[in-house]
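Reader: Hey, got this one open on my screen. Can you walk me through a few of the helices?
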Amino acid sequence: MPTISVDKAELYKALGQEYTTDEFETLCFEFGIELDEDTSNSERPIVNGKQEAPQLKIEIPANRYDMLCFEGIALMLNIFREKTPMPNYRLVTPKSGELEIITVHPDTLKVRPYVSGSILRNVKFTQESYDSFISLQDKLHQNLARNRTLVAIGTHDLDTIKGPFTYEALPPKDIVFTPLNQKKEMNGEEMMAHYENDKHLAKFLHIIRDKPVYPVIYDSQRIVCSMPPIINGDHSKISLNTTNVFIEMTGTDRTKLEIVNNIIVAMFSQYCAEPFTIEPVKIISEHNGETRQTPDISPRVAQAEVDYVNNCCGLSETPERICELLKKMCLTATPSSSSKNILDVSIPPSRADVLHQCDIMEDVAIAYGFNNLPRTSPNKSSTIAQPLMVNKLGDIVRMEAAMAGWSEVMPLILCSHDENFAWLNRKDDGSTAVRLANPKTAEYQIVRTSLLPGLLKTIRENKKHSVPIKVFEVSDVAFKDVSLERKSRNERHFAAAWYGKTSGFEVVHGLLDRVLLMLKTAFLTHEEGLEDKKGLDYEVRQDHQKVDGYWIEEIDEETFFQGHAAAIYLRVGGKQVRIGEFGILHPTVLEKFELRYPVSTLEINLEVFL
Amino acid sequence: MANAQDAPSGDLPSKILKALSQQEPILSADTFPSYKSTELKGALDRLASRSMVTYETIDREEAVLEAEALEIAANGSHEARVFEALRTAVAGLTVSELEAVVGDKNVVKVGQGKAFKSKWIAKGKEGRLVASTDSIQDTTREQLKIIQETQTHPDPKIIADLKKRKLVKMQKIIHFKIVKGPKFALEITKEETDLTADMLSSGAWKTAAFKPYNFKSLGADQNAGALHPLNKVRHEFRQIFFEMGFEEMPTNRYVETGFWNFDALFVPQQHPARDLQDTFYISDPKTADKPHAESEDDRGDYESYWKNVQEVHQEGKYGSIGYRYPWAEDESLRLVLRTHTTAISTAMLHKLASKKGPDGRPPPARYFSIDRVFRNETVDATHLAEFHQVEGVIADYGLSLGGLMEFMEIFFHKMGIEDLRFKPAYNPYTEPSMEIFSFHKGLDKLVEIGNSGMFRPEMLEAMGLPKDMRVFGWGLSLERPTMIKYKVNNIRELLGHKVDLSFIERNPAVRLEKS
């Protein structure tokens with residue numbers, strides 16, 4: 001959520017009322033913004049020898065782009081408090097009757113296809129409103145415009161340039177101008193090098209750097225207004241004294257482009273000599289059918305059903321009363337002439353967040369006050385509670401392990417590739433583990449395929465604890481599985497590790513026996529089960545029938561100390577499967593996990609017991 | 001070789017008893033000077049536990065000579081030794097002769113300077129050194145001798161000075177003053193520590209003396225197993241859901257697709273939550289299949305669903321104008337680690353849409369889950385790349401916001417949280433969205449305890465759920481209430497391998513309703 005800092009005294013002046021911090025917090029709470037901080041009583045920075053005035057830091061919901069500046073916050077709160085009506089924005093054509101024009105060249109399709117524009121005439125900025133104007137552009141760039149990828153804004157002193165304008169796309173070398181606040185001319189390529197380490201601009205360079213052509217806006221004298229989305233020209237830069245502001249926006253997302261235009265003019269047209277008037281700009285873009293006049297500030301008319309609104313809110317208000325409530329949220333609604341159940345709702349250009357009548361319904365609820373809404377019973381229907389079977393099974397094993405004197409731990413599910421494979425002397429066959437594309441640290445490279453790394457790391461961090469340490473975990477690992485839609489599946493495992501002066505091999509073996517006994521699985525002895533045969537085809541003879549149960553067989557795997565490891569086999573319903581293994585860890589494994597004492601581990605797949 | 005004083009401390013108690021029978025009180029420093037105080041204390045405690053003696057401990061600081069000081073006390077200070085050598089040599093000595101006489105270059109070097117300073121010696125003829133007085137007083141040696149004999153010196157300034165000169169160090173000495181106890185005897189009678197089966201069968205319990213039990217110490221360690229605190233809290237939450245008729249969702253699936261984790265929830269493809277900065281994407285395996293049924297009992301219409309989701313984003317549908325951007329299939333088929341369990345709720349609600357209740361409509365349902373989710377966060381004291389989300393979903397006809405708030409009051413009341421306040425909030429897939437706050441007495445302010453809302457029609461109707469079926473959803477993290485409850489400040493000390501095992505072992509049972 002973006003946080004906007006506003007001057008406390010100025011805001012209260014705009015609201016026509018002083019608030020205590022608590023009172024203002026309550027107002028914010030009801031409206032759905034959040035007072036993050038009142039800096040009145042905290043240390044404030046000194047700028048140009050003057051201490052900053054007390055600020056209110058207000059968190060704005062991510063979809064309220066119309067409140068990303070002082071002007072928007074003051075306006076919306078005033079409308080909510082029924083102090084001001086929604087402004088009536090108007091488009092005004094200049095006396096000449098001629099609109100400024102931006103002509104779009106088809107080459108812009110290769111890099112940044114859309115452009116929009118608007119003009120604010122006879123603006124009178126103060127230092128505060130000027131700063132707010134600049135800050136709003138920054139906030140829009142960061143949020144709605146996704147760091148200028150979707151939309152980039154350029155503002156210019158119209159009196160320093162002359163239309164008609166062109167929006168073109170040219171090879172970087174052919175674009176030459178003095179960028180904003182620079183002394184010398186550069187071409188597009190040089191600018192890329194120049195701004196490579198710039199603290200503000202470097203992060204935007206990637207948007208066009210490798211494109212064959214860069215977008216550029218020229219005036220009729222071939223003066224460069226801007227090379228979006230990177231930088232404006234120095235020639236047309238605006239200042240406190242600028243009175244006629246030319247705003248151009250370019251982008252890759254047509255919808256957001258127009259939202260940005262609407263928000264900027266809605267917020268700052270109030271400083272025009274004739275407040276809330278906007279001079280439109282004509283865009284000529286024949287090649288993609290985008291020829292039009294911008295901005296389109298006409299309200300969008302949507303419909304809302306009275307019974308839907310009442311029903312969702314648990315209210316039974318009249319259409320007229322709902323219209324009154326909506327006024328507080330700057331929506332102008334009237335009962336429809338066609339149906340008593342329909343409201344015609346006129347949504348101002350700045351409220352781009354309203355997509356569906358559910359958004360209108362929410363505004364009714366906010367205007368009414370969430371905490372004032374009548375409470376109703378939540379029990380409409382009876383439903384049957386039901387645990388997830390694999391969780392129920394897991395809980396049984398967890399309880400049994402804890403009752404046997406083992407402590408449960410909860411390591412992370414993500415781990416490094418080495419921890420999961422190389423450190424356990426296991427090889428990655430490339431078709432087992434799910435790999436992450438963009439982890440911030442090497443600690444998180446894959447989704448674990450075994451619970452062992454987590455157990456061993458937990459022991460490593462607890463070497464001060466008295467020995468033996470006996471820990472266990474029941475949780476999921478994940479495997480690649482290309483047969484499934486999501487190409488992966490989880491598997492519920494149970495694992496335990498013993499760390500002590502002796503190996504604890506028999507203790508871990510005993511834990512296996514105990515847990516399997518509790519899962520009603522019989523142990524098949526060597527004599528019963530193994531006979532002379534090797535491999536998976538065990539004949540377990542009892543009345544010449546294969547009986548269900550488990551047995552273990554010595555294995556030679558590098559994870560374990562030779563001669564002290566076994567695989568665990570289970571036969572359920574005549575089907576047999578290896579469900580895991582236990583053993584004394586190989587000393588090279590201990591070394592990798594920085595463990596000084598012997599460790600025995602056990603890990604089995606629980607899903608076979610479902 | 002062992003002498004009498006080095007006798008094993010095993011018979012020290014007997015010696016103490018014997019000494020006490022001859023003299024009372026006794027001071028350990030006088031009677032048993034060569035025993036270590038730890039040995040003495042062990043023996044005395046044994047006797048004291050039988051009330052055979054009582055003793056008090058006397059701490060004293062003693063001055064002890066360092067090695068150099070021992071030599072000075074024995075042979076005199078460096079300057080005195082230089083003087084003495086010169087005094088006996090009538091014609092004086094050259095420096096090398098002096099070194100030969102004294103026998104220690106270092107002593108000559110240091111002593112010569114000091115002796116000059118005290119005017120004890122002077123330069124004679126031909127570079128020889130001669131004594132310039134008949135007798136001197138070797139004060140340092142005298143002071144050290146006093147300390148050697150009495151372990152202290154009447155003038156504390158002198159001790160301080162000698163300490164500074166590193167000739168003397170202070171040592172803490174523990175003595176014991178011992179007197180007879182009420183059960184004093186020369187013989188230690190055998191005391192039984194426990195009642196045994198043997199004593200019962202032999203009848204020895206009737207005559208045996210029993211050692212008093214120490215009621216001031218803890219009982220024996222149980223070597224108990226323990227469940228993890230987070231799972232204990234999870235259990236409580238789970239019970240609350242069961243009490244309220246909820247079915248647990250199959251959240252045993254960490255890998256999701258952009259479709260299920262975001263698109264189906266009406267989260268636009270340019271939403272910041274989908275940034276590489278926030279979401280873990282999967283590099284291997286590469287891409288997902290389009291949604292399809294994976295079990296025989298799944299009768300969901302996945303093809304229409306896919307198309308509906310695309311349309312509602314791109315052009316708008318179900319009365320929504322949509323986000324109006326070109327929706328990309330590739331983005332939807334990217335694999336991600338789920339950022340919320342709502343990806344599973346979505347799949348559950350989509351399945352619900354194809355179910356038919358007694359009236360032919362999808363039946364009301366209540367789902368919950370408590371499971372791990374993943375965010376590509378920079379790790380700090382309150383953020384980990386993994387945490388647990390507690391999530392509940394209620395689907396029913398004619399639900400209203402008042403019902404959602406009432407439900408939340410009941411749900412949180414079960415864990416001892418009262419007086420909720422609801423704040424309007426924004427969430428891409430719920431509208432209205434309500435943040436749930438409660439007043440925290442300890443922090444003296446409203447604290448956010450969860451998020452809730454009604455799922456957007458764009459999400460539900462795309463699944464094929466009827467327009468009048470409304471769905472509440474709410475969520476909170478499992479870690480945050482646990483951290484507040486157990487005053488854990490760093491999430492890494494709760495979840496992950498950096499946990500302290502003693503914390504797990506000693507963490508009390510969770511009783512959420514008792515705050």
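This is a predicted model: local features need pLDDT of at least 70, side-chain atom pairs count only at pLDDT 80 or more; totals for chains, interfaces and linings use all residues.

Reader: Which residues in α11(B) are buried?

Author: Among them are Pro229(B), Leu230(B), Val233(B), Phe237(B), Ile240(B) and Phe241(B). Asn231(B), Lys232(B), Arg234(B) and Arg238(B) are buried too.

Reader: And what follows α11(B)?

Author: Gly245(B), with a positive phi near 80°.

Reader: OK, switching to α15(B). How many of its twelve residues are buried?

Author: Eleven, so α15(B) is largely enclosed by the rest of the structure. The buried ones include Thr342(B), Ile344(B), Met348(B), His350(B) and Ala353(B). This helix covers residues 342-353 and reaches 16 Å between its end C-alphas, close to the 16 Å expected.

Reader: What about α1(B) and α3(B), at what angle do they cross?

Author: Roughly 70°, with the axes coming within 9 Å. That makes α1(B) roughly perpendicular to α3(B).

Reader: Which residues make the contact?

Author: From α1(B), Leu12(B), Pro13(B), Ile16(B) and Leu17(B). The α3(B) side includes Leu40(B), Ala43(B), Leu44(B) and Leu47(B), along with Glu39(B) and Arg46(B). By type, the contact residues are eight nonpolar, two charged and no polar.

Reader: Last one, chain A. What does UniProt list for residues 297-375?

Author: The unreviewed entry gives "domain: B5" there. That stretch of chain A is 37% helix and 20% strand, with its end C-alpha atoms 39 Å apart.

Definitions and conventions: Residues are numbered from 1 along each chain as its sequence is written. Chains are lettered from A and ligands numbered from 1 in the order in which they are written. Side-chain values use heavy atoms; hydrogens and water are left out. UniProt positions are given in the numbering used here, feature names are shortened, and annotations may be inferred rather than shown by experiment. Helices (H or I, at least four residues) and strands (E, at least two) are DSSP runs, numbered from the N terminus. The expected span of a helix is 1.5 Å times one less than its number of residues. Buried means under 20% relative accessible area, exposed over 50%, partly exposed in between (1.4 Å probe, protein chains only). Axes are lines fitted to C-alpha atoms, for helices over the stretch in contact, and angles run from 0 to 180 degrees between N-to-C directions. Angles under 35 degrees count as roughly parallel, over 145 as roughly antiparallel, 65 to 115 as roughly perpendicular and the rest as oblique. Contact means heavy atoms within 4.5 Å. Ala, Val, Leu, Ile, Met, Phe, Trp, Tyr, Cys and Pro count as nonpolar, Asp, Glu, Lys and Arg as charged, and the others, Gly among them, as polar.
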